[in-house]
Amino acid sequence: MKGWILRRVTWIGLLAWLFLVATGVTAQRTTSWPLSVTTVQAPAASKSGEPQLTISDRGVLLSWIAHEGPKATLQFAERTSNGWTETRTVASGDDWSINPIDVPSVLRLANGTLAAHWLQRSGAGMHANDVRLSYSEDDGRSWAPSFTPHPDRTQKERLFATLFQTPDAGLGLIWLEGSAMPSATGAGNRTTHDHEAGADHARPQPSGQPGHEAHGERAAMSAGGDMSLRFGSFDTAWKQTAQAPVDLRVCECCSTAAVATAEGVLAAYRNRSDDEIRDIYVSRFAQGRWSEPAVVHADNWRIPACPINGPALSARGRTVAIAWYTVKQDQGHAYLAFSRDAGRSFAQPIRLDDSASLGRVDVEMLPDESALATWIEVADGRSTFRARRVTIDGGRSTSITIAGLAGGRAGGSPRVARHGDELVFAWAESSGDAVQVRTAVARLSSQMQ
């Protein structure tokens, strides 16, 4: 009798193992991880949103947009041992293109120079935007006149830029760029992207629902052309040194990511195949060239619309962590995978969420080569900003709730960044019609430093 029971248990275990292999998901064990998260006063005032975090040797830099009627102002502050520095302003305008998912940024380069980007409308076309860049050599007290990384002045849709430092200490960036815009009118004083109609659900809308129809209209507006992933770079004298494609057909409105590894810059984005498979791909920039794009994991998610959900990257030497969102069996989930070879290959995915997810992921490598990942969890009709630690062998900590979030797109994309032993979290909190950027911090234990 005992032998029969043992054989049955072994057989069940074998079936479970085969299921995990077949689905390509790493077996997961959950452990406790005490992390005390403390809310701290954010430097952003009321009527603020679109938070972004970047990291330099000096610390974590938080940027956001302050809203005053139609006017948008890009501001920032830096995290120090004494708290947040005073708020400084990069630029402002009433012709910016604003979306809580596609946000501006401010990045400190190794030589201390600050670089910033935002989106500005370039014409009357519904989706015509330019990526605008500026820099400051006096710690943000003054900024150079803005310029673009794309010398082509044709009205095109340009979105989701990511800034990074190039190996020669200059500025690099990637962004999405569409075809030339038709001479359509009707945009008026548009202050938001028309992406808000896209699919963004833990359970995706079936084909033909309003979100997909709006996306189809948007595709028609771009004259049937594909969205491409572009790359530009500038040297330390702000002379442009490159402007080239990375991938000629990508998902139309998912955020991009880039990170410096020990073997060059790694870019990540959502691809788009001819039959509408929209999985996450990476390309490596080394010795002046981008490698052939490669899939991170073959989720085979076929969706005839942009899910407005891009990947996140973090690296420590040759070890890379990537997080992303996909849909399996009609349910949205967030995943993470590690690479030990600077992004040439990735291990099997590790699921992040406990029940279901809206994605909007972020990830930060920790000193012990584990990673802290964040996502938006959906359960019982509520959305929460969650985090958990994941080890390179597939272990997961219990999840931690950072904050409750507004449903839909209003909650934006929560962020996490690390400097030394401090983790910094940022998100947009809604109260009625008001939105304000919030921040929290946590200290890593001495065993992880």
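This is a predicted model: local features need pLDDT of at least 70, side-chain atom pairs count only at pLDDT 80 or more; totals for chains, interfaces and linings use all residues.
Author: Of its 449 residues, 58% count as buried, and the secondary structure comes to two helices and 31 strands.

Reader: What makes the pairing of Arg-389 with Asp-368 a polar contact?

Author: The two side chains come to 2.8 Å, and the limit for such a pair of N or O atoms is 3.5 Å. The side chain of Arg-389 also makes a polar contact with the side chain of Ser-370, at 3.0 Å.

Reader: How do you know whether Ser-413 is buried or exposed?

Author: Check its relative accessible area: 11%. The cut-off for buried is under 20%, so Ser-413 is buried. Ser-413 sits in the loop between β28 (400–405) and β29 (415–419). Leaving aside neighbours within four places in sequence, Ser-413 is in contact with Pro-100, Ile-101 and Arg-360.

Reader: What makes Glu-78 and Arg-108 a salt bridge?

Author: Their side chains meet at 2.8 Å, N to O, and the limit is 4 Å. The pair links distant parts of the chain, with Glu-78 in strand β5 (residues 71–80) and Arg-108 in strand β8 (residues 105–108), 30 residues apart. Glu-78 is buried at 8% relative accessible area, and Arg-108 is buried at 6%. Both belong to a network of salt bridges that also links Arg-58, Glu-86, Arg-88 and Asp-139. The structure holds 28 salt bridges.

Reader: Why does the pair Arg-249 and Asp-274 count as a salt bridge?

Author: The closest N and O atoms are 3.6 Å apart, and that is within the 4 Å limit. Arg-249 lies in strand β14 and Asp-274 in the loop between β16 and β17 (280–286), so the pair ties together parts that are 25 residues apart in sequence. As for Asp-274, its relative accessible area is 72%; exposed means over 50%, so Asp-274 is exposed.

Reader: How do you know that β22 and β23 pair?

Author: Two bridges join strand β22 (residues 331–339) to β23, and pairing takes at least two. The two strands run antiparallel, and Tyr-335 stands opposite Arg-351 in β23. Five bridges join β20 to strand β21 (residues 319–328), also antiparallel.

Reader: What makes β20 and β23 the edges of their sheet?

Author: The open sheet has four strands in the order β20-β21-β22-β23. β20 (312–316) and β23 (350–351) each have a single partner strand, so one side of each is left without a neighbour in the sheet. β20 and β21 form a hairpin with two residues between them, and Gly-317 in the turn has a positive phi of about 70°.

Reader: Which residues have the most contacts inside the largest nonpolar core?

Author: Leu-173, Ile-174 and Trp-290, in a core of 36 residues. Strands that each supply at least two residues of this core include β9 (114–121), β12 (171–180) and β14 (240–250). Not counting residues up to four places away in sequence, Trp-290 touches several residues, among them Ile-174, Phe-231 and Val-246. A second, separate core of 20 residues includes Ala-387, Ile-400, Leu-405 and Leu-423.

Notes. Residues are numbered from 1 along each chain as its sequence is written. Side-chain values use heavy atoms; hydrogens and water are left out. A nonpolar core is a set of buried Ala, Val, Leu, Ile, Met, Phe, Trp, Tyr and Cys residues joined through side-chain atoms within 4.5 Å. Buried means under 20% relative accessible area, exposed over 50%, partly exposed in between (1.4 Å probe, protein chains only). Contact means heavy atoms within 4.5 Å. A polar contact is a pair of N or O atoms within 3.5 Å; within protein, one must be able to donate a hydrogen and the other to accept it, and residues adjacent in sequence count only if both atoms are side-chain atoms.
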